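Open the model in your viewer and keep the selection tool at hand. The stops below say what to select next and what is there.

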Amino acid sequence: MPEQNLARVKSALRAQRIETPSWAYGNSGTRFKVFAQAGVPRTVHEKLDDAARVHHHTGVAPQVALHIPWDRTDDYTALADHAGEHGLRLGAINANVFQEDEYKLGSVTNPNPAVRRKALIHLMECVDIMDATGSRDLKLWFSDGLNYPGQDDLRARQERLAEALWAVYERLAPDQRLVLEYKLFEPAFYATDVPDWGTSYAHCVKLGPKAQVCVDTGHHAPGTNIEFIVAFLLNEGKLGAFDFNSRFYADDDLMVGAADPFQLFRIMYEVRAGGGLPGTPESAENDPGIAFMLDQCHNIEPKIPAIIRSVMNVQEATAKALLVDREALGEAQSAGDVLGANALLMDAYNTDVRPLLAEVREELGADGDPMAAYAASGWAETIARERVGGRQAGWGA
């Protein structure tokens, strides 16, 4: 690779930022069983301590997403200060309107006005938390839906959803955003109120420029071309965030890049081509501010190493996407050279980018081999010894 091109690739990789989720550091897993691990955080402050280790070893993970009420605390300004002292900042605030008994028939789309008010109050609380923490994004995912035909009015539920979203949207400050996630199914199995990117996109278009779509890579039907969705939303200026994870069957929330690293590469190539990667010629001065978040639950694997590996997998996919010769690819596409165009993508994907990424990490003051560095740090042994007793914080704990 010419030295000038290599410098551009490394510059873009140094500029990359990946947001880790607070809930991935705590005990989390499936609805069938959560296997508790030694040393998991007991408080949101300890979650930030673990996140700081991930950032220390990778150099590109300075943001941490919070989940309310899992991460509720008495002083959010002090929590933001605690994050800053560890070289971190607080990222997306994730609302939770799916775990309380009242939400059995839905939250903001529930036929009961009192339940809808309860859900809206919580969403407004999350915006208040954003004000205190300096967070930019409010991430919304709704489990609302139906299990049986005739259970409720499909159109009325969309109207209730739109009403709640508008109330939240109006509450946002000019520099804050609403990012709306979607999910094909579960826990609603007949009809989900926000089942796909098109539904999320339609609501976000109606709301305005502060509303963006969040693409969770595990929330699609088998065979869905996720990179097409990414390309479309980028083109429309509506791709606000990713929830990166892997799945083999449905929403498995496994480490990103574990099930289909080629898909992750294809997604990151479309992000690059659409100007979504800061520090690249394609983004120029028009970086859309996409949040590259992990959304994962580590049930049987050690949590901090799993998050480090996930960050590394995103970095590898990004590096390979940056190696694609876009000029040559454009020429092949214009000439109708099907195999030649495909070969250009495959050549980039098959490149071993690990030595390049080791150099980039060292230039950032991090570790060339983050997994080995973490294993040698003694952090796992320290937290297992010191974090004894107390209520472990996280999903299913």
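Which backbone nitrogen does the side chain of Ser 246 reach? Select Ser 246 together with Ala 258: the side chain of Ser 246 comes to 3.2 Å from the backbone nitrogen of Ala 258. A polar contact here is a pair of N or O atoms within 3.5 Å; within protein, one must be able to donate a hydrogen and the other to accept it, and residues adjacent in sequence count only if both atoms are side-chain atoms.

This is a predicted model, in which local features need pLDDT of at least 70, side-chain atom pairs count only at pLDDT 80 or more, and totals for chains, interfaces and linings use all residues. Residues are numbered from 1 along each chain as its sequence is written, and side-chain values use heavy atoms, with hydrogens and water left out.

**Stop 1: the loop between β9 and α8**

Stay with Ser 246, which sits in the loop between β9 (239–244) and α8 (261–273). Helices (H or I, at least four residues) and strands (E, at least two) are DSSP runs, numbered from the N terminus. Ser 246 counts as buried because its relative accessibility is 5%. Buried means under 20% relative accessible area, exposed over 50%, and partly exposed in between (1.4 Å probe, protein chains only). Show the contacts of Ser 246 (heavy atoms within 4.5 Å). Setting aside neighbours within four places in sequence, they include Asp 252, Asp 253, Leu 254 and Met 255.

Next select Asp 253, in the loop between β9 and α8. Its phi is near 55 degrees, a positive value in a residue other than glycine. Asp 253 is buried, at 11% relative accessibility.

**Stop 2: the loop between β6 and β7**

Select Glu 186 and Pro 187, both in the loop between β6 and β7. The peptide bond from Glu 186 to Pro 187 is cis, with omega near 10 degrees. Glu 186 also has a positive phi of about 75 degrees, although it is not a glycine. With 22% relative accessibility, Glu 186 counts as partly exposed.

Together with Leu 184 and Phe 185, Phe 189 makes a nonpolar surface patch of about 270 Å². Patches are made of residues with over 30% relative accessible area and no salt bridge; like charges are joined within 9 Å, nonpolar side chains (Val, Leu, Ile, Met, Phe, Trp, Tyr) within 5 Å. Accessible areas come from the Shrake-Rupley method with a 1.4 Å probe; for residues, only the protein chains shown count as cover.

For another cis peptide bond, go to Ile 68 and Pro 69, where omega is about 20 degrees. Pro 69 is in the loop between β2 (63–67) and α3 (76–85).

**Stop 3: the nonpolar cores**

Select Leu 140, Phe 142, Leu 178, Val 215, Phe 242 and Phe 244: these have the most contacts inside the largest nonpolar core, which has 95 residues. Helix α9 (residues 303–323) gives the most to this core, with eleven residues. Apart from it lies another core of eleven residues, including Trp 23, Trp 70, Trp 141 and Met 293. A nonpolar core is a set of buried Ala, Val, Leu, Ile, Met, Phe, Trp, Tyr and Cys residues joined through side-chain atoms within 4.5 Å.

Zoom in on Leu 140. Not counting residues up to four places away in sequence, Leu 140 touches Ala 95, Leu 123, Leu 165, Leu 178, Val 179, Leu 180 and Glu 181.

**Stop 4: salt bridges**

How many salt bridges does the structure hold? There are 25, each a side-chain nitrogen of Lys or Arg within 4 Å of a carboxyl oxygen of Asp or Glu.

Select Lys 10 and Glu 359, whose closest N and O atoms are 3.1 Å apart. Lys 10 lies in helix α1 (residues 3–15) and Glu 359 in helix α12 (residues 354–363), so this pair ties together parts 349 residues apart in sequence. Lys 10 is buried at 12% relative accessibility, while Glu 359 is partly exposed at 39%.

Finish at Asp 193 and Arg 157, whose side chains meet in a salt bridge (3.0 Å, N to O). Asp 193 lies in the loop between β7 and α6 (197–207) and Arg 157 in helix α5 (residues 154–171), so the bridge ties together parts 36 residues apart in sequence. Asp 193 is buried, at 4% relative accessibility, and Arg 157 is buried at 1%.
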